[in-house]
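Colleague: Before we discuss the sheet, could you put the model up and explain what your terms rest on?

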Amino acid sequence: MRIVIAGGHGQIALRLERLLAARGDEVAGIIRHAGQGDDLREAGAEPLVLDLESASVEEVAERLRGADAAVFAAGAGPGSGTARKDTVDRGAAVLFADAAVRAGVRRHVVVSSMGADPEHQGDDVFDVYQRAKGEADAYVRNLDALDWTILRPGALTNDPGTGLVRLEAHTGRGAIPRDDVAAVLAELVETPATAGLTLELIGGSTPVSVAVKSVAGN
């Protein structure tokens with residue numbers, strides 16, 4: 001498969017790129033700065049330099065053409081203010097989905113956030129973030145041209161992955177190592193039977209591949 005990842009220099013994305021490259025997939029990551037390219041190449045991915053906050057739909061679609069799947073893993077980051085929650089966490093996600101439709105890339109996996117809700121109340125930065133992610137998710141879910149899966153991890157940690165997770169429509173709150181989020185994403189990308197599902201993810205007791213097969217109905 002050829003897989004294009006938005007937010008290719010993110011912590012989860014770099015882990016995912018390593019996993020995909022190791023299993024023989026062709027991986028490309030969209031990054032904002034050319035200086036991030038060496039990290040992607042080291043992970044086994046092709047760097048594609050493009051700023052998703054200023055790019056057109058056609059520019060993004062051009063990067064996506066020929067891909068078998070697209071993964072949105074971009075984020076404004078914890079140090080950003082409310083404006084970039086809108087331009088990245090909502091706006092870039094919408095742009096990337098529209099570009100996937102234009103490029104004819106049906107398989108579309110989104111890294112969202114547990115608690116994302118377009119009706120989320122509050123004006124703090126995290127409230128704005130949850131609302132932005134919820135609005136982006138709602139937009140993607142309305143695109144019939146995409147076979148989308150939305151993944152909502154719990155609290156992210158840098159602990160070593162265990163390979164054991166809880167992946168369900170509703171898990172309740174919990175933590176999850178980024179290693180395990182990447183492992184679940186790698187399985188979801190090649191499991192189109194999970195299309196149409198919004199899934200929560202926390203640490204658990206089920207091996208990743210078994211958890212994904214279970215939600216896929218296998």
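Modeller: Strands here (E, at least two residues) and helices (H or I, at least four) are DSSP runs numbered from the N terminus, and two strands pair if DSSP finds at least two bridges between them. This is a predicted model, in which local features need pLDDT of at least 70 and side-chain atom pairs count only at pLDDT 80 or more, while totals for chains, interfaces and linings use all residues. Residues are numbered from 1 along each chain as its sequence is written, and side-chain values use heavy atoms, with hydrogens and water left out.

Colleague: Why is E5 called largely enclosed?

Modeller: Buried means under 20% relative accessible area with a 1.4 Å probe, protein chains only, and 5 of the 5 residues of E5 are buried, so this strand is largely enclosed by the rest of the structure. Both faces are covered, with Arg107, Val109 and Val111 buried on one side and His108 and Val110 on the other.

Colleague: What makes E3 and E11 edge strands?

Modeller: Strand E3 (46-49) and strand E11 (206-207) each pair on one side only, in an open, mixed sheet of 9 strands ordered E3-E2-E1-E4-E5-E6-E10-E8-E11.

Note on methods
Buried means under 20% relative accessible area, exposed over 50%, partly exposed in between (1.4 Å probe, protein chains only).
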